[in-house]
Structures are given as structure tokens and as C-alpha cells.
Amino acid sequence: MSNDPPKLLLDDVHKAFGPKVVLNGLNLTLHKGESIVVIGGSGTGKSVMLKCVLGLLRPDAGRIQVDGEDVVGMGGGKRDRVLRKFGMLFQNAALFDSLSVWENVAFGLVEGAGMAREEAREISLDKLRRVGLGPDVAELSPAALSGGMRKRVGLARAIATEPEIIFFDEPTTGLDPIMGDVINHLIVECVRDLGASTITITHDMSSARTIAHRVAMLYKGRILWIGPADRIDDSGNPYVEQFIHGRADGPIQMEVLKT
Amino acid sequence: MNPLAIVGRVVLGFLNTAGKLSIFTGQAVSSCFAPPVYLRLIGRQLLAIGYYSLPVVGLTAIFTGAVLALQIYIGSSRFNAESTVAFIVVIAITRELGPVLAGLMVGGRVGAAMAAELGTMRVTEQIDALVTLQTNPMKYLVAPRLIAATIAMPLLVAIADIIGVMGGYLVSVNKLDFNAATYLKNTFDVLEADDVVSGLIKAAVFGFIIALMGCYHGFNSSGGAQGVGRATTNAVVSGLILILVANYIMTDLFFA
């Protein structure tokens with residue numbers, strides 16, 4: 001490992017919404033070119049973690065560093081400079097309804113980087129091609145796309161600016177297994193080509209096994225276990241084992257009303 | 001429950017909302033004057049707020065002018081003062097009814113649309129996506145709507161004034177047998193620049209209020225479809241009430 005600072009460092013990050021504690025001393029380090037998959041049940045703070053890094057939420061305590069630079073509370077031009085390093089695929093793609101597909105993909109280039117629309121259009125067509133979508137899709141409205149196509153457009157938008165760090169928020173949720181596998185392999189290919197560092201949030205173990213170098217299990221706002229992806233099946237951690245096998249019985253008790 | 005606790009909760013809730021709205025207003029206004037300026041988006045909003053509101057504002061104005069002429073004629077005929085119809089129609093339309101009724105109609109139409117659009121963007125993470133694409137949502141979403149509404153409303157009201165006066169003229173001449181030339185002369189004799197200008201200033205303020213309420217409630221919506229519905233209702237109700245309050249304050253300032 002080089003002496004360079006990690007691409008991303010979360011150190012003892014806390015975040016609560018009123019009495020509900022969501023992040024409770026979260027520690028995570030993402031190295032250059034590394035792909036970490038964060039697994040964990042719903043409501044364990046996975047999306048909140050990403051939002052804290054992106055400045056969409058402000059942590060109550062703790063340190064977040066990007067390339068060794070503290071980003072908590074950063075604003076204005078400094079925040080924009082840091083955000084240029086990031087790309088994100090949202091859970092439901094979060095495509096802008098008022099723009100066409102190519103305008104969605106080119107958005108970061110035109111509005112964020114100030115590129116001319118024609119040049120940005122060429123790049124967006126190229127990115128769409130990389131995720132398996134032809135130029136015929138480019139002029140469509142996002143409303144005309146299927147779930148799988150929306151995810152692919154979201155992926156094309158996430159990689160359009162060639163970011164150094166990419167977040168994938170449940171990239172295969174709501175897709176059939178074949179389309180899910182297509183998206184997983186697209187993610188692996190795109191990330192490998194860009195040399196980006198990634199954090200993926202998922203409940204999908206097949207996705208985790210395909211994408212991850214390391215897998216981290218988030219439970220009650222902190223990382224319970226982290227290790228290489230090929231060690232996930234013999235982690236020795238009962239929480240991880242219960243989660244990856246999808247068992248109702250185990251140390252993780254779901255809050256369900258039993259009749 | 002302790003009545004004091006209820007009062008305290010209501011007061012704290014009000015102060016909390018007032019504080020949030022004040023901060024949002026400050027950020028929104030400052031984002032209108034800071035680059036980048038999205039001219040294309042302002043143009044699109046001018047079209048949505050101004051051009052597409054013309055039919056509803058025009059219809060409201062013509063029927064209001066017509067009804068006003070009828071009612072004033074009926075009332076003034078009791079004192080043999082029928083000649084005042086033209087005076088009162090033009091003053092009432094330009095000073096009050098033009099801006100207020102246009103404000104209420106546009107407030108319902110545009111305030112709801114803004115809150116629903118921004119609310120949907122909020123709950124589908126589109127506003128978060130804007131941030132990750134290094135775009136300030138206040139500048140990209142809120143500022144163009146505020147600027148466009150503040151510009152479009154005076155233009156709409158200027159047109160509503162003309163159509164409203166025309167509504168009164170049509171009823172007076174065709175139904176009440178007024179002389180056309182005399183009616184127009186009376187109208188222009190009594191009309192002063194202040195009457196029109198005060199109405200246009202009111203219209204600009206109403207436009208700002210409509211956009212501010214639509215954006216504020218949409219921007220802060222949460223809780224899925226139900227939250228968007230709640231934001232839309234709140235945007236329209238608060239926008240219309242603020243228009244009526246602002247109208248009283250401005251009328252008091254201009255004419256008292």
C-alpha cells in the first residue's frame with residue numbers, strides 16, 4: 001500500500017435524527033482503485049453514510065476526509081471542487097424528468113464542468129454506448145424507459161465526468177436477476193476502465209460477490225465486520241452469516257409484529 | 001394535556017417555520033443575484049408562468065370587469081350616479097381586482113405546479129442528484145422560478161387590466177346602453193399612472209410570493225406521494241393567504 005492518503009476516510013462518524021441514532025461511530029477507509037460493498041438491513045444507515053460524505057447531510061460528529069482533506073462543513077467552491085471527484089448512481093436512478101436521456105448523462109459535463117452542449121452530447125452518446133444503449137435512446141424522456149434502462153442511464157451519468165470515487169446505491173434493486181447481473185458487470189467494467197474507487201450499497205449478495213474487493217457489514221450505525229469479498233462465506237461473524245443467508249433467526253432481530 | 005404546553009408547542013412550531021422560511025428566502029434571493037444565471041430556465045419558466053396563465057387570467061379579468069360594471073350600475077342608479085361606472089371599474093380593476101385576482105388564479109395554478117414538481121424531485125432524490133453533479137439546486141431550481149414569476153406577474157396584470165376594463169366597457173355599451181366614446185373618455189380621464197403602477201408593483205410582489213411558497217414547500221417536502229400532496233396544498237394555501245395580507249399592507253402603504 002502506498003503512503004498516499006486513502007481516497008475516502010470516515011472516522012467515528014455520528015448522525016442522529018432526533019432521538020433516532022443512525023450512524024454511531026462509523027469507521028471506513030476506501031483506498032484508490034478499491035471497491036467496497038456495504039451490506040446491511042434496511043435503516044442501518046447505509047444511505048445516510050453516503051449522504052454525509054456528499055455533504056447532503058452534515059454528521060453530528062466525526063471526521064470525513066477525501067484525499068486527506070476534511071470535507072465536513074465545507075461549502076461553496078471548495079465543496080464543488082471536492083464533488084467533482086464523485087459520481088453517484090441513485091437507487092431509483094434519480095433521472096431528471098424534464099431533460100432527455102442524453103441531457104441527463106451530459107448534465108454534470110454541461111452544468112458542472114461548463115462544457116459546450118455539442119461536445120457534451122458526443123461524450124454522453126459514448127457513455128450510453130458503453131452501458132449498452134444506442135443513440136435512439138438518447139432523445140427519449142426518462143419516463144419512456146424501463147427500470148433496467150433507467151439504471152443504465154444512471155450509470156452512464158455517474159461515469160460521464162470520469163469521477164475518482166463512485167457511489168452505487170442499491171444498483172440492482174427492482175431489477176430481474178439477469179438485468180441485475182448485466183448492471184453488475186457494467187459496473188465492474190466501467191470502474192476498471194476508469195480506475196475509480198467505489199462504495200456500493202446493496203442487499204443483493206450476488207451483486208456484492210461480483211463487485212466487491214472488500215465487503216463491510218453495517219449494523220446499528222457502525223461497521224460490524226469488514227473483510228475480503230472471498231472471505232464473506234467464512235467470516236465467522238453470526239450477524240454476517242445470518243444476513244448473507246437471509247435467515248429470520250439469528251442475532252439480528254427484525255422489528256416485526258407477530259400475531 | 002397542559003394548555004401552556006400546547007401554546008408553547010404552537011409558538012415554537014411557528015417560530016421554527018418562520019426561521020426556516022426566512023433562511024430559505026435569504027438563500028433564494030441571494031441565489032438570484034449570484035452567477036450562474038440560467039437564462040434558458042428563466043425563459044422556460046416565463047412561458048410556464050406567464051404565457052400559459054394568460055387564458056385563466058384573461059377569462060377572470062373579462063368576467064370580473066363585466067360583473068363589476070353590472071353591479072356598480074345597479075348600485076349607482078339608486079343615486080342617479082350611473083356615470084361613475086367607468087370611473088369605478090377602471091380604478092377597481094387597476095388598483096385591486098386585476099393584481100389580486102390574477103395573483104389568486106396564478107397562485108393556484110403555478111404555486112401548485114411548482115410545489116408538486118419540486119416535491120417530486122425531492123422525494124425521488126433528483127435534488128440530491130443535482131448536488132452530486134455540482135449544481136446548486138437553489139440557483140438551478142429556485143432562482144429561475146422566482147425571477148420568472150416576479151417578471152411575469154406584472155405583465156399578466158397589465159394584460160388583465162386591459163381585458164378587465166374591456167369587460168366593463170362591453171357590458172356598459174352593449175347591455176347598459178352607455179355611449180362608447182363617453183365611457184372611454186371617462187375611463188381615461190380618471191385613470192392616473194399611480195393606479196396602474198401600484199397594481200403592477202403589487203403584481204411583482206405577488207409573483208415573488210407565489211414562487212417562494214411553491215419552491216419552499218416543494219423543496220422541503222418529504223414522505224412520498226402523500227408528502228408531495230401536502231406540500232402542494234400548503235404552497236397554495238399559504239401563498240394565497242400571504243397575497244391577501246401583502247395586498248392589505250401595500251394598499252395601506254400606497255394609498256393611506
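This is a predicted model: local features need pLDDT of at least 70, side-chain atom pairs count only at pLDDT 80 or more; totals for chains, interfaces and linings use all residues.
Local features need pLDDT of at least 70 and side-chain atom pairs count only at pLDDT 80 or more, while totals for chains, interfaces and linings use all residues; side-chain values use heavy atoms, with hydrogens and water left out. Residues are numbered from 1 along each chain as its sequence is written, and chains are lettered from A in the order in which they are written.

Helices (H or I, at least four residues) and strands (E, at least two) are DSSP runs, numbered from the N terminus. Along its principal axes, the C-alpha trace of chain B spans about 65 × 55 × 30 Å.

Helix 6 of chain B covers residues 137–174. The expected span is 1.5 Å times one less than the number of residues. Helix 6 bends by about 35° at A143(B), and P144(B) follows within four residues. The bend is the angle between axes fitted to the seven residues ending at a residue and the seven starting there.

Now take helix 3 of chain B, residues 54–77. Its axis and that of helix 6 come within 7 Å and cross at roughly 40°. Axes are lines fitted to C-alpha atoms, for helices over the stretch in contact, and angles run from 0 to 180 degrees between N-to-C directions. Contact means heavy atoms within 4.5 Å. Among the residues making this contact are G58(B), A61(B) and G65(B) of helix 3 and G164(B), G167(B) and G168(B) of helix 6.

Helix 3 also meets helix 4 of chain B, residues 84–123; their axes come within 9 Å and cross at roughly 145°. The contact includes L68(B) and I72(B) of helix 3 and I93(B) and R109(B) of helix 4.

Two backbone details remain. Most residues other than glycine have a negative phi, and most peptide bonds are trans. A cis peptide bond joins P35(B) and P36(B), with omega about 0°. P36(B) lies in the loop between helix 1 and helix 2 of chain B. In chain A, phi of E170(A) is near 45°, a positive value. E170(A) lies in the loop between strand 7 and helix 7 of chain A.
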